[in-house]
Amino acid sequence: MTDYFSKWIEAEAFAQKRLDKKKGRWAKELPFVLWADRTTSKVATGQTPYSLVFGTEAVIPTEVVIPTARYLSKDQENNDKILAQDLDTIDELRDLSKIRIAAHQQKITKAYNKNIKLRRFQMGDLILRKTFQNTKDPSAGKLAPKWERPYLIDAEAGKGAYWLATLEGDVLPRSWNAIHLKAYYM
C-alpha cells in the first residue's frame, strides 16, 4: 500500500555491496538524506511529507543545537496548544494538498498534450493501418512497407479509437487507436 502524502523512502542493506573503498559510508549519510527528503517542500503538494503526516513542520536537528529565532520564540504551553490545533486542521491541510495535486497533474497533462493532434475519421473513410513487428513480412527487411492496405472505418470504438473493416466487409477483431491510422486518398 502506498501513502500518497508521505511517499516515505525505505532503504534496506543488500547482502553484498560492490562499493570497495566507499563501503559502509552510505549508512552514515542515509538518515540525513532521508530527513532532507521528508522535510523538503514538494511542488505537487506545496507541503513537506513530514507536515502531511504529522500536521506540523519539523524542527531541524541543527536548530536544537544552534537555536534560531523560530526555535527560541516557542514556549512549551503555547507549543502544546499549537500542536493540538495543527492536529485538528491536518485533514484540511491534506484536502488542500489533494486539490493542489490534482491541479498540478492537470497542468502537467496540458503541457504533455499540447503538441498532440487528434486524428478524426468518419464512418466509411478509407485509411491505412501502421504495420507492426508481428505483421511485417520478415523477408522484406528494412524496405518493408510501413503501412498496410486500405481499410474502411466501420465504427468509432471510443475516444480516438476505431473499428476497422476490410474492403470486403470483414470487421477486424479489435479496435485501433487513431495514432496507428492515417487517411488514404485515391
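Colleague: Which side chain does the side chain of E148 join through a polar contact of 2.4 Å?
Modeller: In this predicted model, the side chain of E148 is joined to the side chain of R129 by that polar contact of 2.4 Å. The side chain of E148 also makes a polar contact with the side chain of Y151, at 3.4 Å.

Colleague: Okay, and where does E148 lie?
Modeller: E148 lies in strand 2, which covers residues 147-158, and R129 stands opposite E148.

Colleague: How do strand 1 and strand 2 pair, then?
Modeller: Strand 1, made of residues 126-130, pairs with strand 2 in the antiparallel sense, and the pairing runs over five bridges.

Colleague: Is E148 buried or exposed?
Modeller: E148 counts as buried because its relative accessible area is 13%, and the cut-off for buried is under 20%.

Colleague: What about strand 3, how does strand 2 run relative to it?
Modeller: Strand 2 and strand 3, the latter being residues 161-165, run antiparallel and are joined by five bridges. Within this pair, G158 stands opposite A161 of strand 3.

Colleague: How many residues sit between the strands in that hairpin, and which residue takes a positive phi?
Modeller: The hairpin of strand 2 and strand 3 has two residues between the strands, and G160 is the residue that takes a positive phi, near 80°.

Colleague: Changing topic, which residues make the nonpolar surface patch?
Modeller: The patch is made by V59, V64, V65, I66, Y71 and L72, and its area is about 600 Å². Helix 3 (61-65) and helix 4 (69-72) each supply at least two of its residues.

Colleague: Zooming out, how many helices and strands does the protein have?
Modeller: The secondary structure comes to six helices and five strands, and along the sequence the pattern reads α-α-α-α-α-α-β-β-β-β-β.

Colleague: And what share of the residues counts as buried?
Modeller: Of the 186 residues, 19% count as buried, while the protein exposes about 14900 Å², with carbon and sulfur atoms supplying 57% of that area.

Terms used. Residues numbered from 1 in each chain as written. Predicted model: local features only at pLDDT ≥ 70, side-chain atom pairs only at ≥ 80, totals over all residues. Heavy atoms only, no water. Helix = DSSP H or I, 4+ residues; strand = E, 2+ residues; numbered from the N terminus. Buried < 20%, exposed > 50% of the residue type's maximum accessible area, 1.4 Å probe, protein only. Polar contact = N/O pair within 3.5 Å; in protein donor to acceptor, adjacent residues only side chain to side chain. Pairing = 2+ DSSP bridges. Patch = residues over 30% accessible without salt bridge, like charges linked within 9 Å, V, L, I, M, F, W, Y side chains within 5 Å. Areas by Shrake-Rupley, 256 points an atom, 1.4 Å probe, with all protein chains shown as cover. Salt bridge = Lys/Arg side-chain N within 4 Å of Asp/Glu carboxyl O.
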